Amino acid sequence: MEISHAHQEINITPALQARIDELLSHYPADKRKSALLPVLHEVQDAHDNWLSIPLQDKVAEIIGIKPIEVYEVVTFYTMYNSKPIGKYMLEFCRTSCCSIRGAENLMDYTCNKLGVKEGEVTPDGLFQVVGVECLGACGYAPMLQLGDFYKEKLDPEKVDALIEDCRAGKIDLHKLTITQ
Amino acid sequence: MGQKILLEHANVPGIKTYEVYRKHGGYRSVEKALKSMTPDEVVEEVKTSGLRGRGGAGFPTGMKWSFIDKKSGKPRHLVCNADESEPGTFKDRYLMEYIPHLLIEGMITSSYALGCNLSYIYIRGEYMWVFRILENAIKEAYAAGWLGKNIMGTGWDLDLHVHCGAGAYICGEETALIESLEGKRGNPRIKPPFPAVSGLWANPTVVNNVESISAVPWIVNNTGAEYAKIGIGRSTGTKLFSASGHCKNPGVYEIDMGMTVDEFMNSDEYLGGMMNDRPLKGLIPGGSSVPILPAHLIYKTAAGEDRLMTYESLADGGFATGSSLGSGGFIVYNDTTCVVRNTWNFSRFYHHESCGQCSPCREGTGWMEKVLHRIETGHGREEDIDLLWDIQRKIEGNTICPLGDAAAWPVAAAIRHFRDEFEYHIRFPEKIKNRDHFVDEPFEKVRHLVAKQAVI
């Protein structure tokens, strides 16, 4: 496992603890480990989208399992980040359907615009561009994931607008309003 | 225009909310099942319907239900497989995002049939906004009394929760999904025992796809016999297809089983033909793991029959001249598509997604990716095509779960039907190195060039 030495402030707020307790209640009392994946998502969202080793240890303590059981999961699943990432991680799908509809060109465009190579974080820490495998939006290609949401049928103009919205602080990575 | 069983109310404003869903007949199947049917009678209706698993395997759903161990005395569980991650497939997301209560209604009715008191919807982690939509809908269902204790005064209790994965395609395999739901790495289990005997927490468990469970309310409301009248032969009912690639109208469509591939591809009501009217080069009818078909085998089978949108017709001829309905991920490729590059792209996907438990899959998928990459980039060797063929054969059938097969079949089909394109890459490396893959121009007429080279 790649270990990051970056410092991370651990802050299990009452609201976060309440959400964790709610998730734990979804499983039998003797099966608390089942809540591990959902709990990790919540903890990661509340900690700048990454999970340091001390934070993973804290999750193990909260759930009541061994730290190694958390490490195994964090290193297996791609959505957990074990080192700091850009605040706005632009995850471009590059699998077949997106690829043939221009995903790689759009990734190149975005990297050039931000002055980074794939995987790098911009010096201001705001953006990171990565290629990921199929996101299940094949009919709406090319697309990217940003936080909890998909941005689909993209072109350079839409990417420009998205980047500007991020810079202007208009993008909420996790808040969903169910309007209908 | 066919019947709309799953998407009938998809465009109704506000259908995501309980109130509107209920006004449009929602939760009637729960009422009917709990008030007037025994669990076994619900199972029988599903058996009669001929409904087959819509996740890709196509196993009869009612029969799968009848395998659940009722004698052990252990709690039973229904788990909905919403870990939709197969390239080309995005239909389940559509159902959950636009009509979340349909799946919840199906989960309640199906849980009643199976005698479950605790059920889960396991959704891929990337669909986080859909996860939150489902969470909200489940809360509404609890508030309305369709979930919780003593539902409709029958004494039957059911808790239902949505559980999110974290970015692993392998968790779409039912035993890997169960491992993941137990809070572990998604490593598939050796079968037997099958989940129906020992699944979640070693309890009897049924794992069904979103689309399969969403069909149950209609079957219960209208009878299995009525459902079986739709479609052809053993391909009963309607099916969702998710279309992508170089077609005019990509998206999710519900069709009666049995429509011709030609009508689905070319009528304005569905895909509307080819984007920019370019020629059709190949097509994958059921998601990335099923074989690609070349243009001459798409509308007609090798025997010259019309190719139909059914399990049987799409598979006609076996893998030599047919493919599979799979999950209904319908990917269309025009003449600009480089088959070698696309096959390499798929191999990269399967290598990335292999859990690493079995050597043939862990090592073989990476090996195929490397060989395909060097062919694609103009560094291929004469023996590479036979090498690829050999590797995929050694993976197929030699792994704990079907991911190995899923990785092998696209490579085999690409070589089987487009071998000349691989040969072209190897014999004309300079043309490959200089080719810009991202411009809208046709891939060269490789048959002609390969033939010419052979004469020289």
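Visitor: Which element gives the most to the lining of the second largest cavity?

Guide: The model is a predicted one. In it, α14(B) gives the most to that lining, with 4 residues.

Visitor: What makes the second largest cavity a cavity, and what is its volume?

Guide: A set of grid points is called a cavity because a 1.4 Å probe fits there but cannot get out. The second largest cavity has a volume of about 70 Å³. Its lining consists of Ile284(B), Ser288(B), Val290(B), Pro291(B), Ile292(B), Val339(B), Asn342(B), Thr343(B), Phe346(B), Pro410(B) and Ala414(B). Two or more residues come from each of α14 and α17 (403–427) of chain B.

Visitor: How many residues of each class are in the lining of the second largest cavity?

Guide: This lining has 8 nonpolar, 3 polar and no charged residues.

Visitor: How many cavities of 30 Å³ or more does a search of the whole structure find?

Guide: The search finds 4 cavities of that kind. The largest cavity has a volume of about 80 Å³, and 13 residues line it. Nearest its centre lie Ser354(B), Cys355(B), Cys358(B), Cys361(B) and Cys401(B). By class, the lining of the largest cavity has 8 nonpolar, 5 polar and no charged residues.

Visitor: What makes a site a pocket, and what volume has the second largest pocket?

Guide: A pocket is an open set of points with protein on both sides within 12 Å along at least five of seven lines. The second largest pocket has a volume of about 940 Å³. Of the 44 residues that line this pocket, the closest to its centre are Thr78(A), Met79(A), Asn81(A), Met89(A) and Glu91(A). The most comes from β2(A), with 4 residues. The classes are 16 nonpolar, 17 polar and 11 charged.

Visitor: What makes α2(B) roughly parallel to α6(B)?

Guide: Helix α2 (residues 28–36) of chain B packs with α6(B) at about 15°, the axes being 9 Å apart. Since the limit is 35 degrees, α2(B) is roughly parallel to α6(B). Their crossing is left-handed. Arg28(B), Ser29(B), Val30(B), Ala33(B) and Leu34(B) of α2(B) meet Glu105(B), Ile108(B), Thr109(B) and Tyr112(B) of α6(B). These residues divide into 5 nonpolar, 2 polar and 2 charged.

Visitor: Why is α2(A) called oblique to α3(A)?

Guide: The axes of α2(A) and helix α3 (residues 53–63) of chain A come within 11 Å and cross at roughly 135°. Roughly antiparallel requires an angle over 145 degrees, and roughly perpendicular ends at 115; α2(A) is therefore oblique to α3(A). The crossing is right-handed. Leu36(A), Val39(A), Leu40(A) and Val43(A) in α2(A) meet Leu55(A), Val59(A) and Ile63(A) in α3(A). The contact comprises 7 nonpolar, no polar and no charged residues.

Visitor: Where are cis peptide bonds found, and what is omega there?

Guide: One joins Ala141(A) and Pro142(A), with omega about -10°. Pro142(A) is placed in the loop between β2 and β3 (144–146) of chain A. Another joins Lys191(B) and Pro192(B), where omega is about -5°. Pro192(B) lies in the loop between α8 (174–181) and β4 (205–209) of chain B. Most peptide bonds are trans.

Definitions and conventions. Residues are numbered from 1 along each chain as its sequence is written. Chains are lettered from A and ligands numbered from 1 in the order in which they are written. This is a predicted model: local features need pLDDT of at least 70, side-chain atom pairs count only at pLDDT 80 or more; totals for chains, interfaces and linings use all residues. Side-chain values use heavy atoms; hydrogens and water are left out. On a 1 Å grid over the protein atoms alone, a cavity is a set of points where a 1.4 Å probe fits but cannot get out, and a pocket is an open set with protein on both sides within 12 Å along at least five of seven lines; lining residues have an atom within 4 Å of a point. Grid points are joined across faces, edges and corners, and a volume is the space filled by probe spheres set on the points. Ala, Val, Leu, Ile, Met, Phe, Trp, Tyr, Cys and Pro count as nonpolar, Asp, Glu, Lys and Arg as charged, and the others, Gly among them, as polar. Axes are lines fitted to C-alpha atoms, for helices over the stretch in contact, and angles run from 0 to 180 degrees between N-to-C directions. Angles under 35 degrees count as roughly parallel, over 145 as roughly antiparallel, 65 to 115 as roughly perpendicular and the rest as oblique. A crossing is left-handed if the near helix is turned anticlockwise from the far one by less than a right angle, and right-handed if clockwise. Contact means heavy atoms within 4.5 Å.
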